[in-house]
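Please examine the sequence and the model shown here before reading on.

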Amino acid sequence: MSEPISPRALPGSPSARLTVLARQLTASPAGGSRWEHVPQVREYRYFAPATRGLDWAGMTADLASAPPGSVLLLHACAHNPTGVDPSPDQWRQLLALATERQLLPFFDSAYQGFASGDLDADAAAVRLFAGSGLELLLAQSFAKNMGLYGERAGALSVVCGSKDLAVRVESQLKQVIRPMYSNPPAHGAAIAARVMADPRLRELWKDELRGMAGRIKSMRVALYEALLARNVPGDWSFVLKQIGMFSFTGARGPGWAGSKDLAVRVESQLKQVIRPMYSNPPAHGAAIAARVMADPRLRELWKDELRGMAGRIKSMRVALYEALLARNVPGDWSFVLKQIGMFSFT
């Protein structure tokens, strides 16, 4: 039976560092443990410059030669920086390979919801591995999909093979967390927890993710069509095939078939395409505002968000007022409750 543990952690690289240090500290039981040492870092092939897709043959060949007990770092979805994800069938084959080679999968999930617009669909790979009974690690970030970049909201989840191992791993993680950051920022985590626990807020969040994913897809189509319209050399169909926020052209990387001169000309053309798409924010913002106000469904969502924001401001005023009273701060602070909006002049 798998036993999960999930300490709050800073997302991304800090979670990976946390795991490495914990592996160094954890005492191994009789017969050894995959947590007892840190293996040498090795790269495996992933991106195929020729196709701007997945180098499946190279990836599987490299992983098939990985030493047993190795940690296998994987992006859960919307791969950064290539925009290339394995297919569902390839994920199943990777699971079989990880099981056969006794690898410890470490998923980095920073863009859940940005690949397909569906939280469940973007979690499919992680759930596939977790459902198999394989031990694994999952570093989650809510910086992107909840707009909490400044809050460092995330979690490191570890699925262990037994309760005993889970207790020991959690103990080592706590030893690393204490001197590393002790207490992660709580505000972002509280926002994420509130959104996920409240059915109404969770649906609003999922609807916004669908909108964001749809926006990304429409931008890919617009970029592709603009490249074709300007007769930019090359096959740009990969722009439509790649997913998520990132697209890797390979234009300056290994395998670029053209000359340096061609790469310079392609870069120039890309800039010409990008400039009219992104360099005029006022018009773009006006189009968004017009769309929201003209569409009854979007308008109601917007109004609901405004009500939520206004309620949040009012609750912050109440909390500030009560905290000032509780600390016996001199003065009459009732104006905090009487003033309205985002600003308060003391």
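## Helix packing and nonpolar cores

α8 passes α12 in a left-handed crossing, meaning that the near helix is turned anticlockwise from the far one by less than a right angle. The model is predicted, with local features needing pLDDT of at least 70 and side-chain atom pairs pLDDT 80 or more, while totals for chains, interfaces and linings use all residues. Residues are numbered from 1 along each chain as its sequence is written, and side-chain values use heavy atoms, without hydrogens and water.

Helices are DSSP runs of H or I with at least four residues, and strands are runs of E with at least two, numbered from the N terminus. The table gives the helix pair.

| Helix pair | Angle | Axis distance |
|---|---|---|
| α8 (residues 199-229) and α12 (residues 296-326) | about 130 degrees | 12 Å |

In α8, R200, L204, D207 and E208 meet R297, L301, D304 and E305 of α12, contact being heavy atoms within 4.5 Å.

The largest nonpolar core has 25 residues, of which M59, W91, L94, F107 and F129 touch the most other members. Such a core joins buried Ala, Val, Leu, Ile, Met, Phe, Trp, Tyr and Cys residues through side-chain atoms within 4.5 Å, buried being under 20% relative accessible area with a 1.4 Å probe, protein chains only. α3 gives the most to this core, with five residues.

Notes: Axes fitted to C-alpha atoms, helices over the stretch in contact; angles between N-to-C directions. Buried < 20%, exposed > 50% of the residue type's maximum accessible area, 1.4 Å probe, protein only.
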